[in-house]
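Subject: Structure for you to look at

Hello,

Here is the structure you will be working with. Please open it before reading the notes.

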Amino acid sequence: MAKKKHKTPENVIAQNKRASFDYQLLETFEAGVSLAGWEVKSLRAGKADLADSYVFMQNGEAFLLNAHITPLLSASTHYVTEPTRNRKLLLNKKELAKILAATTAKGQTCVCTSLYWKGHLVKARIALAVGKTAHDKRDTEKDKDWNRQKQRIIRDNVKQ
């Protein structure tokens, strides 16, 4: 029997699944990303990784750190490419103030959960988050397993 491929929406470039496992996501924001031309070409080819990325506030501006965009060999021949450079996030002042206030509070951070296309623009979904403890992670895994088992039981009973 062939395994099913997980469906992701067509406009999603990269997801940070580890963020929802390690953090409890509180509030999400949509931010534009300031990119160079070679980065956009690489994103169209799907060469992005958000595994260890996070959002850093500096001088009232938000930056995406450690997001890895692998340069294409053909698109980046005459540029000095840095795959993990800091990329500026484009947010309005109210959103920046809310993120700054939350990240200065104890125990909160801001992580990037996904990159996606919105028309011809690249957007980042970022979220304010609080770190989970080990028992919270176990509870999340138990809930996912139980939901998976319920779906199997329902599917098998419907077939008969």
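The notes below go from the whole chain to its sheet.

This is a predicted model, in which local features need pLDDT of at least 70 and side-chain atom pairs count only at pLDDT 80 or more, while totals for chains, interfaces and linings use all residues. Residues are numbered from 1 along each chain as its sequence is written, and side-chain values use heavy atoms, with hydrogens and water left out.

The chain has four helices and nine strands; these are DSSP runs numbered from the N terminus, with helices being H or I of at least four residues and strands E of at least two. The C-alpha trace spans about 60 × 45 × 25 Å along its principal axes. Of the 160 residues, 31% are buried (under 20% relative accessible area, 1.4 Å probe, protein chains only).

Seven strands form an open sheet with antiparallel pairing, in the order S1-S8-S9-S2-S7-S5-S4. Two strands count as paired if DSSP finds at least two bridges between them. Strands S1 (12-15) and S4 (54-58) are the edges, each pairing on one side only. Inside the sheet, S5 (residues 61-65) and S7 (residues 87-90) run antiparallel and are joined by three bridges. Phe63 stands opposite Lys88 in S7.

Helix H2 (residues 37-44) packs on this sheet and touches S1, S7, S8 (108-118) and S9 (121-131); contact means heavy atoms within 4.5 Å. The direction of H2 makes about 75° with that of S8, where axes are lines fitted to C-alpha atoms, for helices over the stretch in contact, and angles run from 0 to 180 degrees between N-to-C directions.

Regards

Conventions. Buried means under 20% relative accessible area, exposed over 50%, partly exposed in between (1.4 Å probe, protein chains only).
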